[in-house]
Amino acid sequence: MTQSNTNHKIHQGRNIKRFREMLGIKQDALAFELGDDWNQQKISLLEQKEAVESSLLQQVAQILKVPVEAFENFDEE
């Protein structure tokens, strides 16, 4: 069974942004929760990434109280 990549890929960064906005959490607040080496700009860049490292996805999922699968599988189609 082959997976067709011609359709579209799940954009994990955009999914993070979508859930963050639905929860009413600002980029600054998420950056604060992620720790000292994070800031609003870094969150903005994170939300532009198509694929996000799984360890980081798990951290964000914990903070937003959303299952990791939501970022990995959510598709607006």
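Q: What do the axes and angles mean when two helices are said to cross?
A: Axes are lines fitted to C-alpha atoms, for helices over the stretch in contact, and the angles run from 0 to 180 degrees between N-to-C directions. Please keep in mind that this is a predicted model.

Q: Why is H2 called roughly perpendicular to H4?
A: The axes of helix H2 (residues 27–34) and H4 come within 10 Å and cross at roughly 115 degrees. Angles of 65 to 115 degrees count as roughly perpendicular, so H2 is roughly perpendicular to H4. The crossing of H2 and H4 is right-handed.

Q: Which residues make the contact between H2 and H4?
A: On the H2 side they are Leu30, Glu33 and Leu34, and H4 brings Leu56, Gln59, Val60, Ile63 and Leu64.

Q: How do you know whether Phe19 and Phe71 are buried or exposed?
A: Buried means under 20% relative accessible area. Phe19 has 15%, so Phe19 is buried. Phe71 has 0%, so Phe71 is buried.

Q: What makes Phe19 and Phe74 an aromatic pair?
A: Their rings are 5.5 Å apart, centre to centre, with 70 degrees between the planes, and the pair is edge-to-face. This pair links distant parts of the chain, with Phe19 in helix H1 and Phe74 in the segment after H5, 55 residues apart. Ring pairs link Phe19, Phe71 and Phe74 into a cluster.

Q: Why is Phe74 called partly exposed?
A: The relative accessible area of Phe74 is 32%. Buried is under 20% and exposed is over 50%, with partly exposed in between, so Phe74 is partly exposed.

Q: How do you know that Glu47 is buried?
A: Glu47 has a relative accessible area of 6%, and the cut-off for buried is under 20%, so Glu47 is buried. Glu47 is in the loop between helix H3 (40–46) and helix H4 (54–64). Leaving out residues up to four places away in sequence, Glu47 touches His11, Gly13, Arg14, Ile16, Lys17, Arg20 and Gln27.

Q: What makes Ala51 exposed?
A: Ala51 also lies in the loop between H3 and H4. The relative accessible area of Ala51 is 55%, and exposed means over 50%, so Ala51 is exposed. Ala51 and Arg14 are 37 residues apart in sequence, and their C-alpha atoms are 9.7 Å apart in space.

Q: What can be said of phi at Lys65?
A: Lys65 has a positive phi of about 55 degrees although it is not a glycine. Most residues other than glycine have a negative phi. Lys65 sits in the loop between H4 and H5, and Lys65 is exposed, with a relative accessible area of 75%.

Note on methods:
Residues numbered from 1 in each chain as written. Predicted model: local features only at pLDDT ≥ 70, side-chain atom pairs only at ≥ 80, totals over all residues. Heavy atoms only, no water. Helix = DSSP H or I, 4+ residues; strand = E, 2+ residues; numbered from the N terminus. Buried < 20%, exposed > 50% of the residue type's maximum accessible area, 1.4 Å probe, protein only. Contact = heavy atoms within 4.5 Å. Phe/Tyr/Trp six-rings, centres within 6.5 Å; stacked < 30°, edge-to-face > 60°. Parallel < 35°, antiparallel > 145°, perpendicular 65-115°, else oblique. Left-handed = near helix turned anticlockwise from the far one by under 90°.
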